[in-house]
Amino acid sequence: MASLINCQPVTSYTAEEFAGDMTTGTNLLEIQTPPTGFISTNDGGVVGNTSIKYLVIKPLPGYTIDRSMVSISTLTPLIDGNSPNGQTNQHPNGRDQYWFMDEASGLSDMDLILVYDSLGTNWESCDNNVIIQCHLKVDFVMPDSNYTINIDLGGTAVSCNPLPPPEPDVTADYSTVPNVLYMTNGIYVTNYSNTNNFNYFFAQYYDEESYASSEYNIGNHNLYLQGELPINPMTPPVYDFNNIWQQEYDNYYNDGSLNSFQPTYYTYYTNTWEEDGMYNTGDNTINTTCGQLYLRNNPAFPQLTDWSASVAPEHPNNNDNYFYNPPDVFRNHSEYKYAFSNNNYFFSGLRYLPVEDYPTIDAGGPALPTALTWYISVGDNPNYNLIAGTEFVDVWKIMTISDPDVANGSEFAQDGNAPLPPSIQCNLSLYESNTGVNPNLEYYISDGSENNSDLDINNISITQVINSDGSVNNKAIKLRIPFKSGLSISRFGPIANVTTAFRRTKVFINIYPTEI
């Protein structure tokens, strides 16, 4: 029997079917949501095809795998031009091939299996996965008992050796590179009030494990990255990729919510500041420059002595065995936060990304993914649904603010966990006029007329969440906002000897849950 070495366990695909369900006709098999990177234009691999099922082989962190490393012990790969429908084994998505189906293989209910790389022609990337695309025969009929198809996969992932970094630019002025660059990307729900009789819950979703476990992701605190637990259970990582959290804090995370990055665990959205006059949602404008710059999105946590009272009954990760819900204490999954240090002593050597090797921060590079994805849910609220569609989820403005010198009086210097009262914020004429505080502050706007922020407002995807059993979740949507194609952010600034710089992107969104 074959085995997969240096790979994560392959998750089986399961569905609840009824006797007589078929790949065609009136009683159809359940539809599986395709994985990221599936072939959508070849051999019927389209969303909604009941005859196609998928498995995904993912390497362990620090390893890489591609299609050429994978085998199916009972099958023989086809050669060029010898597939059942006359096509070759070189398809538009890159390295992939068919495999023979015969009675001896134990896979006689399939017409073919397609094995290919999730990143297509970029299969050499450390973030590549191998997709096993299985095509059931068109006349397959579900029997009146449980039915299992086993595929004997084998292969060995190898150590990942990324491409060498570019040669340092000897002409660059390295004195203008900040010791630390912080990047945040957060959502502001501009038509929400805590007086609403529903809650919003946010979770993050990562296409690749490497980004969820990245040391540049501030959600993965330093102790955890070094294999240690903090002194209390209130600062969980993005997800428990070291498999040490639940062993220590089983009473807090016994529903498995820390074990996944697709999505991560849910956290409350409890921001009371939107209703304080910072926004004029009637015409989708922001009232004051000081308001939109200064306003933060950190949840206003209830000050409770009984922590169990802070867990709403409709919380998606609620569990009767929770003593309290630590993910809602020091995590806010409506924000993605990253840090890059040019000093290898910062954070005890962690998050170090030398500017000589990486003069830019690139979307799809070693730290930033190609897109940011959120799950937004109304939880198990019996009175509301949240439906995918721009009429229910409206991203109406995105703003990126570049602050190259936080230490010298810019708005981020005072941007702590609690905001100033709106009456004070909006009287800060220096912030409004952007004079005398930080003349190097830069703004990049995306809305209905321009698309200049770090995130691409023109290519947003809003889809309904599909539950693990294949059913539709009418309480949650998946919001995916890609970074702009070719985004490359220079780590050099206009100011010499800078200590800390920020680059903050704010996504302004209106959400309209439907009452049921």
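Asp447 forms a salt bridge with Lys397, with 3.6 Å between the closest N and O atoms; a salt bridge here is a side-chain nitrogen of Lys or Arg within 4 Å of a carboxyl oxygen of Asp or Glu. This pair links distant parts of the chain, 50 residues apart: Asp447 sits in the loop between strand S21 (442–446) and strand S22 (461–466), and Lys397 in strand S20. Helices (H or I, at least four residues) and strands (E, at least two) are DSSP runs, numbered from the N terminus.

This is a predicted model, in which local features need pLDDT of at least 70 and side-chain atom pairs count only at pLDDT 80 or more, while totals for chains, interfaces and linings use all residues. Residues are numbered from 1 along each chain as its sequence is written, and side-chain values use heavy atoms, with hydrogens and water left out.

**Salt bridges**

- The whole structure holds 4 salt bridges.
- Asp447 is buried, with a relative accessible area of 19%, and Lys397 also counts as buried, at 15%; buried means under 20% relative accessible area, exposed over 50%, and partly exposed in between (1.4 Å probe, protein chains only).
- Arg503 and Asp454 meet through their side chains in another salt bridge, at 2.8 Å from N to O.
- That pair also links distant parts of the chain, with Arg503 in strand S25 and Asp454 in the loop between S21 and S22, 49 residues apart.
- Both partners, Arg503 and Asp454, are buried.
- Lys337 and Glu335 form a salt bridge as well, at 3.5 Å from N to O.
- Here Lys337 is partly exposed, with a relative accessible area of 27%, whereas Glu335 is buried at 6%.

**Nonpolar cores**

- The largest nonpolar core has 51 residues; such a core is a set of buried Ala, Val, Leu, Ile, Met, Phe, Trp, Tyr and Cys residues joined through side-chain atoms within 4.5 Å.
- Val189, Tyr200, Phe340, Trp374, Ile376, Leu479 and Ile509 have the most contacts inside this core.
- Among the elements that each supply at least two residues of this core are strand S11 (180–189), helix H1 (209–212), strand S16 (335–341), strand S20 (393–403) and strand S25 (500–511).
- A second, separate core of 22 residues includes Cys7, Val70, Trp99 and Leu107.
- Cys7 has a relative accessible area of 12% and is buried.

**Asn185 in strand S11**

- Asn185 is found in strand S11 and is buried, with a relative accessible area of 1%.
- Leaving aside neighbours within four places in sequence, Asn185 is in contact with Ser334, Glu335, Tyr336, Tyr338, Leu372, Trp374, Leu455, Phe483 and Thr505; contact means heavy atoms within 4.5 Å.
- Two names in that contact list return from the topics above: Glu335 is a salt-bridge partner of Lys337, and Trp374 belongs to the largest nonpolar core.

**The open sheet**

- An open sheet of 5 strands runs in the order S13-S12-S18-S23-S22, with antiparallel pairing; two strands pair if DSSP finds at least two bridges between them.
- Its edge strands are strand S13 (267–269) and S22, each of which pairs on one side only.
- Neighbouring strands of the sheet are turned by 35 degrees against each other on average, direction ignored; axes are lines fitted to C-alpha atoms, for helices over the stretch in contact, and angles run from 0 to 180 degrees between N-to-C directions.
- S18 and S23 pair in the antiparallel sense over 7 bridges.
- Ala371 has Pro482, in S23, as its bridge partner.

**Disulfide and a nearby-in-sequence loop residue**

- The structure has 1 disulfide, defined as a pair of cysteine sulfur atoms within 2.5 Å.
- The disulfide joins Cys126 to Cys160, with S to S at 1.3 Å.
- These cysteines are 34 residues apart: Cys126 lies in the loop between strand S7 (110–117) and strand S8 (130–136), and Cys160 in the loop between strand S10 (158–159) and S11.
- Cys126 is partly exposed at 25% relative accessibility, whereas Cys160 is buried at 17%.
- Leu119 is also found in the loop between S7 and S8, and is partly exposed, with a relative accessible area of 30%.
- Not counting residues up to four places away in sequence, Leu119 touches Ser125, Asp127 and Asn128.
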